[in-house]
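Reader: I have a new structure open and would like to learn how to read it. Could you take me through it step by step?

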Amino acid sequence: MSLIENLKWRHAVKAYDSTKKVSEEHVDKIVEAARLAPTSSGLQPFKLLIIRDQGIKEQLAKGALNPECMRNCSHVLVFAAWDQYTAERIDTVYDFTTDERGLPRGRFASYTDQLKQIYLNQPSEVNFAHTARQTYIALGLALAQAAELRVDSTPAEGFSNEVVDRVLGLEKLGLKSVSLMYIGYADEANDWIAPMKKVRVPKSEFVIEF
Ligand SMILES: Cc1cc2nc3c(=O)[nH]c(=O)nc-3n(C[C@H](O)[C@H](O)[C@H](O)COP(=O)(O)O)c2cc1C
């Protein structure tokens, strides 16, 4: 199936069958698609948390707009971005990159100095808005990979960041939750949106040509 066919196939599932689990092989592929996402300056300023534990899902469900999705899906993926850019974080990524490429550390120092000049002089909220934006590219690729595997999914911002950050101890990790992705297999009897037409604005309205 082509990417376009996969994107037409997927929809944001509203009810999951709790008896059906996604194989760890498929979970790995979905995570890999997110890991390979491009990010601004290659900083990959976020982590992906995989929630399998039912007890944790129950705690997270307390702040969820779709608590039944949280409870009944197979795995919850949490996209959590750096709360801030720091010189140490930037240097750690670039030291790793140069080591992996067999280049001397500091090879990109003039570039990382520019990044630090910008980021370290901005409020942390501005930097978090930037790190959070990076996660959406990864979310999109993960959704596309899930669709290729015929794994059902729901991207979700409908949750309490306060609850997710507290339950998962994200502050200690220097992270803040941005979005969730429920994965699993739809409960076809209760996934009320499934029979409805996928609606997108027509290309003639979507595209502005010059
Ligand atoms: C960033 C993002 C956040 C979303 N949050 C929720 C959510 O909290 N709950 C939900 O049921 N759907 C959520 N959705 C799903 C959208 O409503 C859905 O993708 C949109 O209506 C298009 O429908 P489709 O994905 O089924 O084609 C979210 C989608 C995105 C991309």
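Reader: Are H5 and H6 roughly parallel or antiparallel to each other?

Author: Happy to start there! First, a note on the source: this is a predicted model, in which local features need pLDDT of at least 70 and side-chain atom pairs count only at pLDDT 80 or more, while totals for chains, interfaces and linings use all residues. Residues are numbered from 1 along each chain as its sequence is written, and side-chain values use heavy atoms, leaving out hydrogens and water.

Author: Now the general idea: angles under 35 degrees count as roughly parallel, over 145 as roughly antiparallel, 65 to 115 as roughly perpendicular and the rest as oblique. They run from 0 to 180 degrees between N-to-C directions, and axes are lines fitted to C-alpha atoms, for helices over the stretch in contact. Here, helix H5 (residues 87-101) and helix H6 (residues 109-119) pack at about 155°, their axes 10 Å apart. H5 and H6 are therefore roughly antiparallel.

Reader: Which residues of H5 and H6 make the contact?

Author: Contact means heavy atoms within 4.5 Å. H5 brings Ala 87, Ile 90, Asp 91 and Tyr 94, and H6 brings Tyr 111, Thr 112, Leu 115, Lys 116 and Tyr 119.

Reader: How are helices and strands picked out, and how many does the protein chain have?

Author: Both are DSSP runs numbered from the N terminus: helices (H or I) have at least four residues and strands (E) at least two. The protein chain has nine helices and four strands.

Reader: In what order do the four strands form their sheet?

Author: Two strands pair if DSSP finds at least two bridges between them. The open sheet here has the order E1-E2-E4-E3, with antiparallel pairing. Strand E1 (46-51) and strand E3 (152-156) are at the edges with a single partner strand each, so one side of each has no neighbour in the sheet. From one strand to the next, the twist averages 25°.

Reader: How many bridges join E2 to E4?

Author: Strand E2 (residues 75-82) is joined to strand E4 (residues 175-184) by eight bridges. For example, Ala 81 stands opposite Lys 176 in E4, and Trp 82 has Leu 175 as its bridge partner. Towards E1, six bridges join E1 to E2; there, Phe 46 has Ala 81 as its bridge partner.

Reader: Is E2 largely enclosed or left open by the rest of the structure?

Author: Buried means under 20% relative accessible area, exposed over 50%, and partly exposed in between (1.4 Å probe, protein chains only). Eight of the eight residues of E2 are buried, so E2 is largely enclosed. Across the protein chain, buried residues make up 41% of the 210 residues.
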